[in-house]
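Subject: Structure handover

Hello,

Here is the structure I said I would pass on. My notes on what was found in it follow below.

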Amino acid sequence: MTAILTKQLTKSYGRNRGITELDLCVHDGDFFGFIGPNGAGKSTTIRTLLGLLSPTAGTAEIFGRDIRGDKREILSEIGYLPSETMFYQGLRVRDILRFSADLRGQDCRKEAARLCERLELDMSRKIRELSLGNRKKAGIVCALQHKPRLYVLDEPTSGLDPLIQREFYAVLKERNEEGATVFLSSHILSEVQRYCSHAAMIRDGRLLVSDRVERLGHTAAKRVCAGGICSPPALEGIRNVKKGASSVSFLYSGSPQKLLAALAPLPVTDITIAEPDLEEIFLHYYEKPQSHTGKAEKEGGNAI
């Protein structure tokens with residue numbers, strides 16, 4: 001069963017860009033990363049899925065329910081964290097958490113207390129007294145305390161220190177292992193590579209690619225690091241060159257035989273050839289002109 005399914009989902013703001021013909025599939029029980037820089041369309045996608053924005057065209061379903069006609073049922077199964085958390089400034093954290101639980105008709109006091117302890121959030125503090133990171137923690141607890149079936153998290157770790165980030169992802173991993181689906185947007189690629197099973201990349205409101213995270217790294221290009229030289233050989237298919245005092249590294253997508261032949265007469269002292277990391281894949285998709293067909297979501301179609 002699919003947790004999230006969109007077909008040609010479009011949201012436009014007149015002349016301003018939103019999202020265009022988005023075809024996205026997130027399976028039930030997945031841990032899914034939605035990658036893109038600020039302004040790429042991540043938040044617009046999320047808000048449209050949640051019914052906070054009305055789509056201009058296309059369709060979207062959450063657990064098989066249409067986002068337009070079954071909004072109440074859909075929201076009852078979702079824990080949502082916006083990219084910016086806003087609360088009543090005079091209330092204490094415990095009041096905010098109780099208010100959030102009451103909206104769902106649930107008693108979440110035990111789970112809220114457990115989460116606050118793990119995330120080091122003081123429930124007695126007033127919202128106006130909290131730092132940005134602690135306000136983000138309050139939003140996280142609101143989204144997690146009722147143990148929903150689907151977590152929709154928009155830039156969830158912004159403002160959190162590294163130790164709390166690690167604990168937050170430990171909680172998400174536990175929930176995912178219990179069967180929940182996690183869908184999070186991020187521009188922190190190391191997080192997506194470390195925790196997500198699948199990921200999609202979005203640019204200028206259009207989906208570029210969607211696949212398993214490890215497949216995104218298995219491409220036609222390789223990262224070549226050569227010691228003893230400070231410039232790459234003169235070959236086509238070389239880009240993203242990084243020069244050191246006595247070494248050079250570059251992405252290469254040409255013939256291995258041509259590469260070895262070009263390196264043979266050079267004073268190379270050592271060489272490593274490896275898959276590029278997710279950050280390099282991401283930069284490739286954002287630097288290279290795309291056809292913008294909106295149909296990049298194909299198995300094995302991720303060569304660079």
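Of the 304 residues in the chain, 45% are buried (buried means under 20% relative accessible area, exposed over 50%, and partly exposed in between, with a 1.4 Å probe and protein chains only). The model is predicted, so local features need pLDDT of at least 70 and side-chain atom pairs count only at pLDDT 80 or more, while totals for chains, interfaces and linings use all residues. Residues are numbered from 1 along each chain as its sequence is written, and side-chain values use heavy atoms, with hydrogens and water left out.

Overall layout

The C-alpha atoms fill a box of roughly 75 × 40 × 35 Å along the principal axes. The chain has 10 helices and 14 strands; these are DSSP runs numbered from the N terminus, with helices being H or I of at least four residues and strands E of at least two. Counting contacts between residues at least 6 apart in sequence, 70% join residues at least 24 apart (contact means heavy atoms within 4.5 Å).

For both, axes are lines fitted to C-alpha atoms, for helices over the stretch in contact, and angles run from 0 to 180 degrees between N-to-C directions. Angles under 35 degrees count as roughly parallel, over 145 as roughly antiparallel, 65 to 115 as roughly perpendicular and the rest as oblique.

Helix α5 (residues 132-144) packs against α6 at about 5 degrees, with the axes 13 Å apart. That angle makes α5 roughly parallel to α6. On the α5 side the contact uses Lys137, Ile140 and Leu144, which meet Ile164, Phe168, Val171, Leu172 and Arg175 in α6. By class, this contact has six nonpolar, no polar and two charged residues. The classes are as follows: Ala, Val, Leu, Ile, Met, Phe, Trp, Tyr, Cys and Pro are nonpolar, Asp, Glu, Lys and Arg are charged, and the others, Gly among them, are polar.

Helix α4 (residues 109-118) packs with α6 at about 140 degrees, and their axes are 10 Å apart. The two helices are therefore oblique to each other. Glu111, Arg114, Leu115 and Arg118 in α4 meet Glu167, Ala170, Val171, Glu174 and Arg175 in α6. The residues of this contact divide into three nonpolar, no polar and six charged.

Ile140 lies in helix α5 and is buried, at 1% relative accessible area. Leaving aside residues up to four places away in sequence, Ile140 touches Leu81, Leu119, Pro156, Leu160 and Phe168.

Ala113 is in helix α4 and is partly exposed, with 35% relative accessibility. The C-alpha atoms of Ala113 and Arg94 are 8.9 Å apart, and the two residues are 19 apart along the chain.

Aromatic rings

A search of the whole structure finds four aromatic pairs. Rings of Phe, Tyr and Trp (its six-membered ring) pair if their centres lie within 6.5 Å; planes under 30 degrees apart count as stacked, over 60 as edge-to-face and the rest as tilted. Tyr169 and Tyr195 form a stacked pair, 4.0 Å centre to centre and with 5 degrees between the planes. Tyr169 is buried, at 3% relative accessible area, whereas Tyr195 is partly exposed, at 24%.

Elsewhere, ring pairs link Phe32, Phe34 and Phe183 into a cluster. The charged end of Arg149 sits over the ring of Phe63, 3.7 Å from its centre (NZ of Lys or CZ of Arg must be within 6 Å of the ring centre and within 35 degrees of the ring normal).

Backbone points to check

Most residues other than glycine have a negative phi. Gln8, which is not a glycine, has a positive phi of about 55 degrees. Gln8 is in strand β1 (residues 2-13) and is partly exposed, at 29% relative accessibility. Asn240 also has a positive phi, near 50 degrees. Asn240 is in strand β12 (residues 238-243) and is partly exposed, with a relative accessible area of 28%.

Regards
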